[in-house]
Amino acid sequence: LQLHHSGRYFCGGLVGSRMSRWHKSAPVTVTVHGIPPAGVSVLAQPPGAQVVLGDRLVLSCAVATGTGPLSFSWHREGLGVPLSSGPRLELSHVGDRDSGHYQCRVSDGDSVVESPKLNVTVL
């Protein structure tokens with residue numbers, strides 16, 4: 001079931017001894033509601049979000065429930081602009097400035113949910 005399945009529906013059929021008459025039911029209105037995103041979390045590779053200077057860090061945003069379409073954005077505490085969009089953030093060569101608290105934000109167009117902050121430590 002998708003959001004675009006909302007609408008008015010009826011059924012119809014031929015009735016009578018010779019099935020010569022077409023009858024249709026009264027229409028019913030069906031409204032499909034979306035489920036707002038919830039249970040947003042961030043997973044890190046390497047686990048624990050401790051990464052050696054120059055190595056790769058991958059953060060993945062997971063959503064426990066919610067109907068789409070969902071949009072994702074990545075944020076680091078202290079920066080005003082998003083780092084990236086999409087459910088995954090990859091830093092191929094981390095530097096000293098990459099340490100900090102990272103967060104994923106998920107939106108369904110109506111509501112925005114933030115993950116808990118994940119502390120990334122560059123060793």
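How exposed is R56, given as relative accessible area? R56 has a relative accessible area of 45%, so it is partly exposed. Keep in mind that this is a predicted model.

## Overall shape

Let's start with the whole chain. The C-alpha trace tells its own story, spanning about 85 × 25 × 20 Å along the principal axes.

As for burial, 25% of the 123 residues count as buried. The accessible surface comes to about 8,200 Å², and 56% of that belongs to carbon and sulfur atoms. If you look at contacts between residues at least 6 apart in sequence, 54% of them join residues at least 24 apart.

## Salt bridges

Back to R56. A search of the whole structure turns up five salt bridges, and one of them pairs R56 with E90, with the closest N and O atoms 3.2 Å apart. R56 sits in the loop between β6 (50-51) and β7, while E90 is in strand β10 (residues 88-91), so the pair ties together parts that are 34 residues apart in sequence. E90 is partly exposed too, with a relative accessible area of 39%.

E90 has another partner: R88, with the closest N and O atoms 2.8 Å apart. R88 has a relative accessible area of 46%, which makes it partly exposed. Put together, R56, R88 and E90 are linked in a network of salt bridges.

Then there is the bridge between the side chains of D98 and R76, at 3.8 Å from N to O. D98 is in the loop between β10 and β11, and R76 is in strand β8 (residues 71-76), so this pair links distant parts of the chain, 22 residues apart. Are these two buried or exposed? Both D98 and R76 are buried.

## Cysteines

The disulfide count is one. C61 and C104 make the bond, with their sulfur atoms 2.1 Å apart. The torsion about the S-S bond is about -95 degrees, so the disulfide is left-handed. C61 belongs to strand β7 (residues 57-65) and C104 to strand β11 (residues 100-107), which puts the two 43 residues apart and links distant parts of the chain.

Both C61 and C104 are buried. C11, on the other hand, has a relative accessible area of 51% and is therefore exposed.

## P37 and its contacts

P37 has a relative accessibility of 5%, so it counts as buried. Which residues touch P37, leaving aside its neighbours within four places in sequence? The contacts are V63, T65, G66, L70, V106, D108, S111 and V113.

For a sense of distance, take P37 and V94: these residues are 57 apart along the chain, and their C-alpha atoms are separated by 30 Å.

V30 is part of strand β4 (residues 28-30). With a relative accessible area of 32%, V30 is partly exposed; patch members need over 30%, so V30 qualifies on that cut-off.

Key
Residues numbered from 1 in each chain as written. Predicted model: local features only at pLDDT ≥ 70, side-chain atom pairs only at ≥ 80, totals over all residues. Heavy atoms only, no water. Helix = DSSP H or I, 4+ residues; strand = E, 2+ residues; numbered from the N terminus. Buried < 20%, exposed > 50% of the residue type's maximum accessible area, 1.4 Å probe, protein only. Contact = heavy atoms within 4.5 Å. Disulfide = S-S within 2.5 Å. Areas by Shrake-Rupley, 256 points an atom, 1.4 Å probe, with all protein chains shown as cover. Salt bridge = Lys/Arg side-chain N within 4 Å of Asp/Glu carboxyl O.
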